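Here is a friendly tour for anyone meeting this structure for the first time. Have a look at the sequence and the model, then read on.

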Amino acid sequence: MSDFPIRLLLIEDNPLHSRLIQQLLKTDTQLRCEVEAVERLDEGLVRLTRGKVDLVLLDLVLPDSEELETLWRVRLVAPQVPVVILTSLDDVKLAARAVESGAYDYLVKSHLKGASLGRAVRYTLARARARGGEWDSPMFRLAQQQFLKASQYMGLDDNVRQRLLFPQRAHMVSFPFFRDDHSQVETVFGYRVQHVLTMGPTKGGIRYHEGVDLGEVAALAMWMTWKCALMKLPFGGAKGGVRVDPTALSRTELQRLTRRYTTEIIEMIGPDRDIPAPDLGTDEQVMAWLMDTYSQQIGHAVPTVVTGKPVVLGGSLGRKEATGRGLVFLIEASAQHLGLELSKATAVVQGFGNVGSHTARFLAELGVKIIGVGDVSTSLYRREGLSVKDLQAYVDEHRVLDGYPDAEPISNADLLELDCDVLVLAALQNQVTVENAAQISCRLLAEGANGPTMLEADDILHDRGIFVLPDILGNAGGVTVSYFEWVQGMQNLTWTLDEINGRLKSILLDAFRRTLHRAQKDRLDMRTAALIEGVSRVTEAKLWRGVFP
Ligand code: NAD
C-alpha cells in the first residue's frame, strides 16, 4: 500500500449513492484514499483546476450537465486525470460511448461492492501509471477501449475483465548487432508479449518497424487472442517486435539482428510455448533465420517453432498469400450480403506488401477494378484501372511504388477518400480517424492491417452505413494457415493447396456468419460483434481452468 492516500474526486448528485460509494471505498483495506464529493459538475471542474486529484469517479447525468458532455468537460479541464464512469444498468450504451471517449472504466451502480469498487480504482490508477511509460501507445489504448466496449455489451464478469486488460507476460530486451563495416555496433529495443496463456501455446507475428514499442506490441498480442478465439484455433495471442527501420538495413545486417533477437527471446518461444510468424517488415527469410537460430541452440531442426517459413523448410503451401486470400474470401461473403456485384466493382488498396499485393491480385482475378494503390513511398490513381501484375513487377524491381509510370501520383490522404466500392487497408494502424471518417467513400471497408480504424471513427462509419470487415476477422487468414502449418509440422505430413484453401475458406466463413448473426441479432457493429465472439470463448476457457492456486 502506498504511503500517500489517493485523492479521489467523486462527482455524484444523488446523496444516497454518494454516501454509499464513500462507505464502500472505506471497506477496501488495500486502498487508502481521501474522497472529496461534489454534487454538480461546475463544482467538480473548479476543484479539478486546483490540481492534485488522482482520479475522478463521475456520474454522467448531473443537474448541470448530461451524458457525454459531462465527460468531455472533465477531460477538457483535466485531460491527464483518469475518469471512471458511474452508470446505471439501463445506460450500457452510454457507458460504452464514454469508454470510447476516453473514460478508463465504468461501474454499474447497482452492482457495486466494496471489493470491486476498490479494485477498479486501484486498477485504473495502475493503468494510468502504465500509460505514462513504455506501455503508452495509441494502439494499446485503442485495443483496451475496444475490449472494454465489447465487455460492456456482453456484461462481462469484472473478475475476468480485469485479467484480460493487460498481457500475462511481457519481455523487453535491448541488444546489439554489428553494422556491415563491423566498426559500428547498433543497439536496439526488442519485445515479446504473450497476452493469454490459457488456450494453448501463444501465437503471433514479429514486426520490424521504427515505431514499435511495448504498448504497440501489447495491443497486437491482445488482438491476436481475440482473433484466434474467433477462428476457434487452440492458441492464445502473442506478438513480438524490434524498434528498427528494416529498409535501412542490408540483408546481412537483418540476419545478425534476427539471430540476436531470437537468442534474446529464446526462453519464451517453442513449438509448445509460443510460435512466431511474419508481420510488418518481416518475411519468410526472417522466419528461416529464426528457425535456424533456435534449432542450433536445441541441437536439431525444429521447424514448428515458427510459421510463415519457406515451404522447403516445412512451411505450408498457401501461407504467404493466406492473409490476402482470406480477406478476399470475406470480401466476397460481405459483397453477397450487401448485394454488391464484385465483377462490376472498384477497389482501392492501401499497402502493397504481403497483405495488400495479394489482396489486390485476388480481387483483380474476380474482375474487380483496382483504381488506387499506395505504399510508404507514394499513392497511385488510375480511373480506368491499374494492372496488378505490372505493379508487382515494378515493386519487385524497385522495392516501392514510387516512380511507377502508368498512373497519377496522389497523396495517402486522397487515396483513402477515393470514391470506390471496396477500400482495403493493408498497411499501418490509425488510418481512419475522426478527421477523415466522414470523407471515406466506400460501401465496404476491409481491414487487412491491424488497428487501422480508431474507435471514434468506427461510430461514424457505422452511422454512415459503411460495412466494416474488422481486422480480427478480416486478416485472420494468416494465422489460420499458420495454424495449418503448425499442425502439418507437428504431424509430419503435408496438405495440398486445395485442402488448405478449402479449410481456410470454411473456417473464415463460419466466423463471418457467426459475427454477422451476432451483429444483426444484437444490433452491434461488426467489430464489437467479432470481439464478443472471441472474448466469450476466452472467458469460457478461463472459467473452466479457474484461478491457480
Ligand atoms: P509488409 O511489410 O509486407 O507491407 C506493408 C506495406 O505497407 C508496404 O507496402 C509498405 O510500403 C506500406 N506502408 C508502410 N508504411 C506506410 C505508410 N505510412 N503509408 C502507406 N503505406 C505504408 O507488411 P504486411 O505483412 O503486408 O502487413 C501489413 C499489415 O497487415 C500490418 O498491419 C500487419 O500487422 C497486418 N497483418 C499481416 C499479416 C501477414 O500475414 N503478413 C497477417 C495479419 C495481419
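## Before you start

This is a predicted model, so to speak of local features takes a pLDDT of at least 70, side-chain atom pairs count only at pLDDT 80 or more, and totals for chains, interfaces and linings use all residues. Residues are numbered from 1 along each chain as its sequence is written, and side-chain values use heavy atoms, with hydrogens and water left out.

## Around the ligand

Let's begin with the ligand. There are 20 residues around it, and Arg207, Asp279, Thr323, Phe352 and Asn450 come nearest; a residue counts as near if one of its heavy atoms lies within 4 Å. The shell splits into eight nonpolar, eight polar and four charged residues. In that count, Ala, Val, Leu, Ile, Met, Phe, Trp, Tyr, Cys and Pro are nonpolar, Asp, Glu, Lys and Arg are charged, and the others, Gly among them, are polar.

Which side chain has an N or O atom 2.8 Å from a ligand oxygen? That one belongs to threonine 323. Taken alone, the ligand exposes 830 Å², and the protein buries 84% of that (accessible areas come from the Shrake-Rupley method with a 1.4 Å probe; for residues, only the protein chains shown count as cover).

## A buried aspartate in a loop

Aspartate 213 sits in the loop between strand 8 (202-209) and helix 8 (214-230). Helices (H or I, at least four residues) and strands (E, at least two) are DSSP runs, numbered from the N terminus.

Buried means under 20% relative accessible area, exposed over 50%, and partly exposed in between (1.4 Å probe, protein chains only). A polar atom of the aspartate 213 side chain does lie 2.8 Å from the backbone nitrogen of glutamate 216.

## Salt bridges

How many salt bridges does the whole structure hold? A search finds 38, each being a side-chain nitrogen of Lys or Arg within 4 Å of a carboxyl oxygen of Asp or Glu. One of them pairs glutamate 284 with lysine 320, with the closest N and O atoms 3.6 Å apart. Glutamate 284 is partly exposed at 31% relative accessibility, and lysine 320 is partly exposed at 47%.

Lysine 309 and glutamate 485 meet at 2.7 Å, N to O. Lysine 309 lies in the loop between helix 10 and helix 11 and glutamate 485 in helix 17 (residues 477-491), so the pair ties together parts that are 176 residues apart in sequence. Lysine 309 is buried at 4%, and glutamate 485 is buried at 1%. Arginine 527 and aspartate 458 form another salt bridge, at 2.6 Å between the closest N and O atoms, and both are buried.

Aspartate 498 lies in helix 18 (residues 497-522) and is exposed, with a relative accessible area of 66%. From aspartate 498 to leucine 330 there are 168 residues in sequence and 18 Å in space, C-alpha to C-alpha.

Methods
A polar contact is a pair of N or O atoms within 3.5 Å; within protein, one must be able to donate a hydrogen and the other to accept it, and residues adjacent in sequence count only if both atoms are side-chain atoms.
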